[in-house]
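Have it open while you read, and go through the points in order.

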Amino acid sequence: MPELPEVETTRRSLEAPLVGRRVTHVVVRDRRLRWPIEPDFERHLTGASIRAVGRRAKYLLVVTDRGTAMIHLGMSGSLVRVPGTTPVVKHDHVDIVLDDDGVLRFHDPRRFGSIHWIDGDPASHPLLASLAPEPSDAAFGGAYLHRITRGRSVAIKHVLMNGQLVTGVGNIYASEALHAAAIDPKTAAKRLSRERCDRLVAAVTATLARAIEAGGSSLRDYVDGAGNAGHFQTESAVYGREGLACPRCGNAIRLLRQGQRATYWCAGCQT
DNA sequence: AGCTCACCCTGCGAGC
DNA sequence: TGCTCGCAGGGTGAGC
């Protein structure tokens, strides 16, 4: 599933084909996503003109003259603009039909994704209102990370993956950023010095930027809005590389379980 | 409030 | 070949 780089790559690839298009028709084949798609979703979106394709954290925002469709890709979702003649396959849950005979197709085998309609300002939607600043935002800096980690005894990796504290970083890039910053993922958040917070923020920002540059990571099935796979997975230093040599110090990369999630790290150079 | 854990769901690869 | 098990990019909410 998509972390911020995959969502941002999807957003960029959809911008040109979608902006200026009008929605002529909406087909929902399965409403059972993380939350059921509201009964009025099709009615709200049909006839709307798309003004912009935005993003907040891992949510895509299809902004129209009538309101905003907020789409989360969950673990296995994709949103692809396909020709209208493209056959529907299993797990193609929603089609947003456009006035150029293209279709914006939402596909999500695991159905951990979600689709909401927002009438007013997206920023005030409950799912977005309490999110942390974007990693690219000036408010997200070493001072911020240092402040929010005081008094928190959880492992720093958990902080990176908590959307209320840091947005856009999921399981792959949490491991990658901690390795880049040479910080042990198990470190209690509150024990990080200000200097290490500076280093970690820089690593998060750089890792996400590099991944966006690579078009995201395609581990199983991720594709962007044009159906293209990313290739960051070939650049990863630790993720998915248990037993292989750490590119920085040569020690064997280890696999550890934090909560229910896998963490890859190097005991040789991450302290 | 912070932390841990279970859970939502399908598919796939490993091991027997 | 066919089974069971464990794991997969995320996020919420219950219960301590």
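1. Start with L61 in this predicted model: its bridge partner is M70, in β4. The two strands here are β3 (residues 59-64) and β4 (residues 68-72), which pair in the antiparallel sense over five bridges. For the terms: two strands count as paired if DSSP finds at least two bridges between them, and helices (H or I, at least four residues) and strands (E, at least two) are DSSP runs, numbered from the N terminus.

2. Zoom out and you'll see that β3 and β4 belong to an open, antiparallel sheet of four strands, in the order β2-β3-β4-β8. β2 (50-56) and β8 (114-118) are the edge strands with a single partner each, so one side of each has no neighbour in the sheet. On average, neighbouring strands are turned by 20° against each other, direction ignored. Angles run from 0 to 180 degrees between N-to-C directions, with axes as lines fitted to C-alpha atoms, for helices over the stretch in contact.

3. There is another open sheet of four strands, also antiparallel, in the order β1-β6-β7-β5. Its edges are β1 (23-28) and β5 (78-83); each has a single partner strand, so one side of each is left without a neighbour. Inside it, β6 (residues 92-98) and β7 (residues 102-107) run antiparallel and are joined by five bridges. V97 has V103 in β7 as its bridge partner.

4. Which strands does α1 lie across, besides β2 and β3? Helix α1 (residues 4-18) lies across β2 and β3, at about 175° to β2, and α1 also lies across β5, β6 and β7, running at about 30° to β5. Contact here means heavy atoms within 4.5 Å.

5. Now the DNA. The residues around DNA strand B are K90, H91, P109, R110, R111, F112, R152, S153, V154, R220 and Q260, where near means that a heavy atom of the residue lies within 4 Å. Sugar and phosphate make up 69% of the DNA strand B atoms that come within 4 Å of the protein. By class, that surface has five charged, three polar and three nonpolar residues; Asp, Glu, Lys and Arg count as charged, Ala, Val, Leu, Ile, Met, Phe, Trp, Tyr, Cys and Pro as nonpolar, and the others, Gly among them, as polar.

6. Some distances to check on DNA strand B: a polar side-chain atom of K90 is 3.4 Å from a phosphate oxygen, and a side-chain N or O atom of R152 is 3.3 Å from a phosphate oxygen. For R220, a side-chain N or O atom lies 3.4 Å from a sugar or linking oxygen.

7. At the other hairpin to look at, β9 and β10 have two residues between them, and G259 in the turn has a positive phi of about 65°. The two strands run antiparallel, joined by five bridges, and Q258 stands opposite R261 in β10.

8. The aromatic pairs come to four, counting rings of Phe, Tyr and Trp (its six-membered ring) with centres within 6.5 Å; planes under 30 degrees apart are stacked, over 60 edge-to-face and the rest tilted. The ring centres of Y239 and Y264 are 5.0 Å apart with planes at 65°, so this pair is edge-to-face. Y239 sits in the loop between α7 (194-213) and β9 (254-258), and Y264 in strand β10 (residues 261-265), 25 residues apart.

9. Housekeeping: residues are numbered from 1 along each chain as its sequence is written, and chains are lettered from A and ligands numbered from 1 in the order in which they are written. Local features need pLDDT of at least 70 and side-chain atom pairs pLDDT 80 or more, while totals for chains, interfaces and linings use all residues; side-chain values use heavy atoms, with hydrogens and water left out.

Definitions and conventions
A polar contact is a pair of N or O atoms within 3.5 Å; within protein, one must be able to donate a hydrogen and the other to accept it, and residues adjacent in sequence count only if both atoms are side-chain atoms.
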